[in-house]
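Hi,

Here's the structure I said I'd pass along. Have a look at it first, then read my notes below.

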Amino acid sequence: MREQVACIYKCHFIHFLLAKYNRKVDTIKKYLNACDTSGVDIVVMDLSKWFKKAVRDVLGDPLIIADRLHFMRQVYWALDEVRRDVQGDLDKKSRIQMKRRKKLLWKSHYALDEEQREKVERLLQIDPRLREAYQLKNRMERWFRESDKETAAKNLDQCLKVLKASKIEGFKRVYRTFMNWRQEIIQAFMYPFNNGYIEGVNNTIKVIKRNSYGIKSFERMRDKILWNQEIKKVMGS
């Protein structure tokens, strides 16, 4: 297998491209057909069924890997949905305190010190829904951190049984998403490829957009992005 990987990912540059026209499968296919994809055997992508269909139609049957960031953030979004629901039932002072603790709930339980663990426990005592959501998040994080190519599938199936039994709608969606993308997610443990570089480019583009306070011209925005990337190459960063 040739060691060429295409990061077919909705990075902001492609967002600009598609937003100028549309985001239909045919538009994505037209974009891919305009690229040289003859050597592409592996595609790393986010969990977009439209990108998946376009990739299948244009490239045939490449190996598709779900990007780690994008499938794991589904878990954190589900946790935060519960946090917001619980937060909405609290008085003003408690709402503010819980909102400020969002990052603490998201933080890996592996990295919490004793004081932070106590703060988390006080939050979890507020509502059993939040405790269940936090426990599910931790279970998925353990699977993600501790699994390898030999154990990822078996461990994931065990986690999915627990998610399926949950009454929390956000985690039911996580279950459905992981079931729909199970094979692509398992591939992320089989191969050392991810969209880390593209995510770095995304962050750079966000900074450019923010510092520019908006750019009316698509072409000018494109030039600023490409110029910034060329500068990084010259500087060796």
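At what angle do helix H7 and helix H8 pack? Keep in mind that this is a predicted model. Helix H7 covers residues 114-124 and helix H8 covers residues 128-146; they pack at about 130°, and their axes are 8 Å apart. That angle makes H7 oblique to H8.

If you want to see who is touching whom, look at Val120, Glu121, Leu123 and Leu124 on the H7 side, which meet Leu130, Arg131 and Tyr134 on the H8 side. Sorted by type, the residues of this contact are five nonpolar, two charged and no polar.

Now stay in H8 and find methionine 140. Is it buried or exposed? With a relative accessibility of 1%, methionine 140 counts as buried, because the cut-off for that is under 20%. Leaving out residues up to four places away in sequence, methionine 140 touches Met72, Val75, Leu156, Cys159, Leu163 and Phe178. Take cysteine 159: it sits 19 residues from methionine 140 along the chain, yet their C-alpha atoms are separated by 6.7 Å.

Nonpolar side chains tend to be buried together in soluble globular proteins. In this model, the largest nonpolar core has 54 residues, and Phe71, Leu130, Met140, Trp143, Phe171 and Phe178 have the most contacts inside it. Helix H4 (residues 68-88) gives the most to this core, with eight residues. Another core, of five residues, lies apart from it and includes Val201, Ile208, Met221 and Ile225.

One last stop is phenylalanine 178: beyond its neighbours within four places in sequence, its contacts include Phe71, Gln74, Met140, Trp143 and Ile185.

Cheers

How values were computed. Residues are numbered from 1 along each chain as its sequence is written. This is a predicted model: local features need pLDDT of at least 70, side-chain atom pairs count only at pLDDT 80 or more; totals for chains, interfaces and linings use all residues. Side-chain values use heavy atoms; hydrogens and water are left out. Axes are lines fitted to C-alpha atoms, for helices over the stretch in contact, and angles run from 0 to 180 degrees between N-to-C directions. Helices (H or I, at least four residues) and strands (E, at least two) are DSSP runs, numbered from the N terminus. Angles under 35 degrees count as roughly parallel, over 145 as roughly antiparallel, 65 to 115 as roughly perpendicular and the rest as oblique. Contact means heavy atoms within 4.5 Å. Ala, Val, Leu, Ile, Met, Phe, Trp, Tyr, Cys and Pro count as nonpolar, Asp, Glu, Lys and Arg as charged, and the others, Gly among them, as polar. Buried means under 20% relative accessible area, exposed over 50%, partly exposed in between (1.4 Å probe, protein chains only). A nonpolar core is a set of buried Ala, Val, Leu, Ile, Met, Phe, Trp, Tyr and Cys residues joined through side-chain atoms within 4.5 Å.
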